[in-house]
Amino acid sequence: MTVLVGYASAHGSTREIAERIAARLAERGVGAETASLDAVGDAGGYDAYVLGSAVHGMAWLPEATGFVHTHRELLAGRPVWIFSVGMPAALRGPWKPMAAKEEPKVTEEVLADLSPRGHAMFSGVVAPEHLPGPGRAVFRAMGLRYGDYRDWEAVDAFADTVAHSLRPAPGSP
Ligand SMILES: Cc1cc2nc3c(=O)[nH]c(=O)nc-3n(C[C@H](O)[C@H](O)[C@H](O)COP(=O)(O)O)c2cc1C
């Protein structure tokens, strides 16, 4: 059993989340490989898939939506989980309710091609040098703070769900 933990990452935080998921799967006895979704050699060479992307403009990056669309028939026959890395945890005050509203929008395009077993929405890293000038102005106007918002316990819990589904613990129903 080998799982592809594939990612699309602009500044590295999604890649690191993918690496954490793969490491956790391995700890749970599930073989896993990470690869950038624009550099997967043999897309069909895996038994299951955990696919994730950084979120830009409330959507997955093009290499991630492209991978899912290109391989939709292959993926339809195998277990798939997805995760998105945005910045819901950075939202504060009146902007907080936006977090729940964003998830359906972020996954809309992907869910047209896939029926994943689960989706996790994580928060990543927001740094001023990642945002274009207008983006920085909006961020400041919203009163948000830069930082590393990754919740590694939530990432581990997601990986555990995948591992449990693929390799149920001995004696469990
Ligand atoms: C240009 C740009 C646009 C972004 N747009 C969104 C967005 O629409 N929604 C969101 O939740 N996060 C958004 N983010 C935050 C990123 O998704 C977040 O910083 C994530 O950790 C980036 O992952 P990466 O380090 O793998 O690139 C945006 C970040 C950048 C740089």
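**Notes on the predicted model**

1. The ligand is surrounded by 22 residues, of which Ser9, Thr14, Ala54, Gly86 and Gly124 are the closest. A residue is near a molecule if its C-beta atom, placed from the backbone, lies within 6 Å of it. This is a predicted model, in which local features need pLDDT of at least 70 and side-chain atom pairs count only at pLDDT 80 or more, while totals for chains, interfaces and linings use all residues. Residues are numbered from 1 along each chain as its sequence is written.

2. By class, the shell around the ligand has ten nonpolar residues, eleven polar and one charged. Nonpolar covers Ala, Val, Leu, Ile, Met, Phe, Trp, Tyr, Cys and Pro; charged covers Asp, Glu, Lys and Arg; the others, Gly among them, count as polar.

3. At least two shell residues each come from H1, strand S3 (48–56), strand S5 (80–86) and strand S7 (125–126). S3 gives the most, with three residues. Helices (H or I, at least four residues) and strands (E, at least two) are DSSP runs, numbered from the N terminus.

4. The protein has six helices and eight strands. Along the sequence their pattern is β-α-β-β-β-α-α-β-α-β-β-α-β-α.

5. How do helix H1 (residues 13–27) and helix H6 (residues 152–166) cross? Their axes come within 9 Å, at roughly 50°. Axes are lines fitted to C-alpha atoms, for helices over the stretch in contact, and angles run from 0 to 180 degrees between N-to-C directions. H1 and H6 are therefore oblique to each other, where angles under 35 degrees count as roughly parallel, over 145 as roughly antiparallel, 65 to 115 as roughly perpendicular and the rest as oblique.

6. On the H1 side of this contact are Ile17, Arg20, Ile21, Arg24 and Leu25, and they meet H6 residues including Trp152, Phe158 and Asp160. Contact requires C-beta atoms, placed from the backbone, within 7 Å. The residues of the H1–H6 contact comprise nine nonpolar, no polar and four charged.

Key: Two residues are in contact if their C-beta atoms, placed from the backbone, lie within 7 Å.
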